[in-house]
Amino acid sequence: MEKIRIDVVGLAHMDVRDCWREYTKDAVGKSLTLQPEPENIKDPYAVRVREGSRNIGHVAVTDLDVVYQALHGSKLQRLRGVVVKSNAEPPVLTVECEVETIAWDYDPFDSEVYGDWKYDGLPLMPRKLEMMQDLTADLIDFLEAGESAKTILKFGEQFLEMNPYDLSREMTRARYRIERLLAARKEPELRNLAEKLSQEKGMIMCHENREKVARYLFIDIPKRLHEQGLEDSHYTYNNRLKELEQQLQAFPYHLYDKFLYDPVDFLREVYYNHVPRKYLFPLLSGIVLMILKGMVEIQRWGRDGDMLPISEIKKFRKIDLSNDEKMEIAKASIKELLEKKDATGKPVISQKNQWAAIMSVVVQEYHLLTDCDMLNFCKKMDEWGFGEDSSYSFPCSYVSLSKCTDYANFRASEWETSGTQHKRMKKAATELRGILKEKLYRK
């Protein structure tokens, strides 16, 4: 026989919602039944917990695997157990069940629904989610190897801080495993850590956590990538955005549409649909790309309908401009660049050949001047007052520009040279992009 401990959450939403505080105070010793709920529209893997005919709550998503592994191994339809611990804030009950066999390798979740789905756009895995994977693997290794309590405590506290950021199926499973390993240790501080992790199960999907994670994923990450110029310096997928958007719309459970309706509630949908990491990360990457390209229209943000985050996302939407307006922005931006100095007080434009970088950004990347070869570009610069007859120290010169076709006629992401000249070109292009973004995107 084996004993497992299962956490029950959601008391504030079930039959005891009007008295859940009082219920948790007297819960220890109560006999409860854990009943799979395949007819649950929200989550067909949900396991309802009841006392007699009263619905008390649901098994924490983190514990669903072991419930189904116990059911499968012992050939049972339901589990029965006794409440051995209760927590009032947040309301979490811990139920101990005794079963004959646990099929630890059994996977109850069906991934066939993702079989035909694909996303072949830009991979933009958020750093925190990547770190979470490494941190989790290290923590499990340390626990299984019997590492010192000091080391485990350090990694465990980091895990507690970051665990709401990864809602994938694999990380949900890892939480149960880590809690079980911590609880098996003799050190009080590690058992206390297991207790904290257990309590987190009741709060991991609370609105405050979801709102914080949504801000990180859908505002902070795109903002950082935008500032780094990723959508300008990398292959941008601009010619395939509609196709990639269709791929996102084809994601199972209409999750992309749910993101467009409410990014905060979208995270709850991800969690309760048990989305595997290998499909979740492409979905998040695609969403971030759509935000960067100004292609999302968010209807609502969270239960309070906060408008500030929506306005932050709208900043990524380019302003619709006429050709005349585009040329005015290009002219003003180039003028600002020619007069700009770097952090050391030196002019950003210090050689005539840097005009190749200017042409690359204005013509090849931002398309502010169209159907424009080098000769026409130089004529336009003369017309704008940036030519050889201007007072600028390093005016636009066709002779200098024609010697740098490898820069002028290609996007910066396609430049293949190196050395001092290359660094000057990159510097000019980066500075000009920063100026243009201030003028081309919504504030």
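In this predicted model, the side chains of Asp-306 and Arg-215 form a salt bridge, with an N to O distance of 3.4 Å. Asp-306 sits in the loop between helix H12 (277–292) and helix H13 (308–314), while Arg-215 belongs to helix H7 (residues 207–227), so the bridge ties together parts that are 91 residues apart in sequence. Asp-306 is partly exposed, at a relative accessible area of 31%. Arg-215 is also partly exposed, at 27% relative accessibility.

A salt bridge joins the side chains of Arg-5 and Glu-96 as well, at 3.1 Å from N to O. This pair links distant parts of the chain: Arg-5 is in strand E1 (residues 2–9) and Glu-96 in strand E6 (residues 92–99), 91 residues apart. Arg-5 has a relative accessible area of 42% and is partly exposed. Glu-96, at 23% relative accessibility, counts as partly exposed.

Lys-380 and Glu-383 meet through their side chains at 3.4 Å, N to O. Both residues are in helix H16 (residues 374–383), three residues apart, which is about one turn of the helix. Glu-383 is exposed, because its relative accessible area of 57% is over the 50% cut-off.

The pair distances are listed here.

| Salt bridge | N to O distance |
|---|---|
| Asp-306 and Arg-215 | 3.4 Å |
| Arg-5 and Glu-96 | 3.1 Å |
| Lys-380 and Glu-383 | 3.4 Å |

Salt bridges also connect Lys-30, Glu-51 and Arg-54 in a network. The count for the model comes to 31 salt bridges.

Terms used:
Residues numbered from 1 in each chain as written. Predicted model: local features only at pLDDT ≥ 70, side-chain atom pairs only at ≥ 80, totals over all residues. Heavy atoms only, no water. Salt bridge = Lys/Arg side-chain N within 4 Å of Asp/Glu carboxyl O. Helix = DSSP H or I, 4+ residues; strand = E, 2+ residues; numbered from the N terminus. Buried < 20%, exposed > 50% of the residue type's maximum accessible area, 1.4 Å probe, protein only.
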